[in-house]
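Welcome, and take a moment to look over the model before reading on.

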Amino acid sequence: MKTVEKKELLTVKGGVTLSGTVLEQFNILMELLLEAGRQVGSSIRRIGSKSICPIE
């Protein structure tokens with residue numbers, strides 16, 4: 001393994017790139033959370049108005 005000198009270490013640059021896949025997965029996560037919120041809100045509204053289908 002090659003030893004890296006301090007001078008070389010100071011020139012190393014790193015970073016984060018956002019690829020299309022990461023952005024697409026973030027979009028899918030946001031859609032999932034939005035849909036879950038709609039379902040919870042709908043359930044709360046139906047429970048509050050007593051319009052729940054009975055379980056037989």
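Let us begin with Phe26, which counts as partly exposed because its relative accessibility is 49%. This is a predicted model, so please read each value here as computed from predicted coordinates. Phe26 belongs to helix α2. Together with Leu29, Met30, Leu32 and Leu33, Phe26 makes up a nonpolar patch on the surface. The accessible area of these residues together is about 500 Å².

How many residues does helix α2 have? Helix α2 runs over residues 20-48 and has 29 residues. From its first C-alpha to its last, helix α2 reaches 42 Å, which is close to the 42 Å expected at 1.5 Å a residue. After α2 comes Lys50, and the phi of Lys50 is positive, near 60 degrees.

**Charged pairs**

Side chains of opposite charge can pair when their charged atoms come close. How many salt bridges does a search of the whole structure find? The search finds two.

One of them joins Glu35 and Arg38, with the closest N and O atoms 3.7 Å apart. Both of these residues lie in helix α2, where three residues, about one turn of the helix, separate them. Glu35 is partly exposed because its relative accessibility is 37%, while Arg38 has a relative accessible area of 52% and therefore counts as exposed.

Glu35 also has a polar contact: its side chain is joined to that of Gln39 at 2.9 Å. Gln39 is in helix α2 as well, and its relative accessible area of 45% makes Gln39 partly exposed.

Another salt bridge is formed by Glu8 and Lys2, and here the closest N and O atoms are 3.7 Å apart. Is Lys2 buried or exposed? Lys2 counts as exposed, because its relative accessibility is 64%.

Val4 is found in the segment before α1, the helix of residues 6-11. With a relative accessible area of 44%, Val4 is partly exposed. Gly15 sits in the loop between α1 and α2, and Gly15 is exposed because its relative accessible area is 72%.

**Distances across the chain**

How far apart are some residues in space?

| Pair | Apart in sequence | C-alpha to C-alpha |
|---|---|---|
| Val4 and Glu31 | 27 residues | 46 Å |
| Gln39 and Leu9 | 30 residues | 52 Å |
| Gly15 and Val40 | 25 residues | 39 Å |

**The whole chain**

Stepping back, what does the secondary structure of the protein chain come to? There are two helices and zero strands. Along the principal axes, the C-alpha atoms fill a box of roughly 75 × 20 × 20 Å. The radius of gyration of the protein chain is 25 Å, whereas a compact globule of 56 residues would have one near 10 Å.

What share of the 56 residues is buried? Buried residues make up 0%. The accessible surface of the protein chain comes to about 5,800 Å². Of that surface, 63% belongs to carbon and sulfur atoms.

To sum up, the picture is of a chain with two helices and zero strands, in which buried residues make up 0% of the total. Helix α2 holds Phe26, and it also holds the pair Glu35 and Arg38.

Methods
Residues numbered from 1 in each chain as written. Predicted model: local features only at pLDDT ≥ 70, side-chain atom pairs only at ≥ 80, totals over all residues. Heavy atoms only, no water. Helix = DSSP H or I, 4+ residues; strand = E, 2+ residues; numbered from the N terminus. Expected span 1.5 Å × (residues − 1). Patch = residues over 30% accessible without salt bridge, like charges linked within 9 Å, V, L, I, M, F, W, Y side chains within 5 Å. Areas by Shrake-Rupley, 256 points an atom, 1.4 Å probe, with all protein chains shown as cover. Salt bridge = Lys/Arg side-chain N within 4 Å of Asp/Glu carboxyl O. Buried < 20%, exposed > 50% of the residue type's maximum accessible area, 1.4 Å probe, protein only. Rg over C-alpha atoms; globule rule 2.2 N^0.38 Å. Polar contact = N/O pair within 3.5 Å; in protein donor to acceptor, adjacent residues only side chain to side chain.
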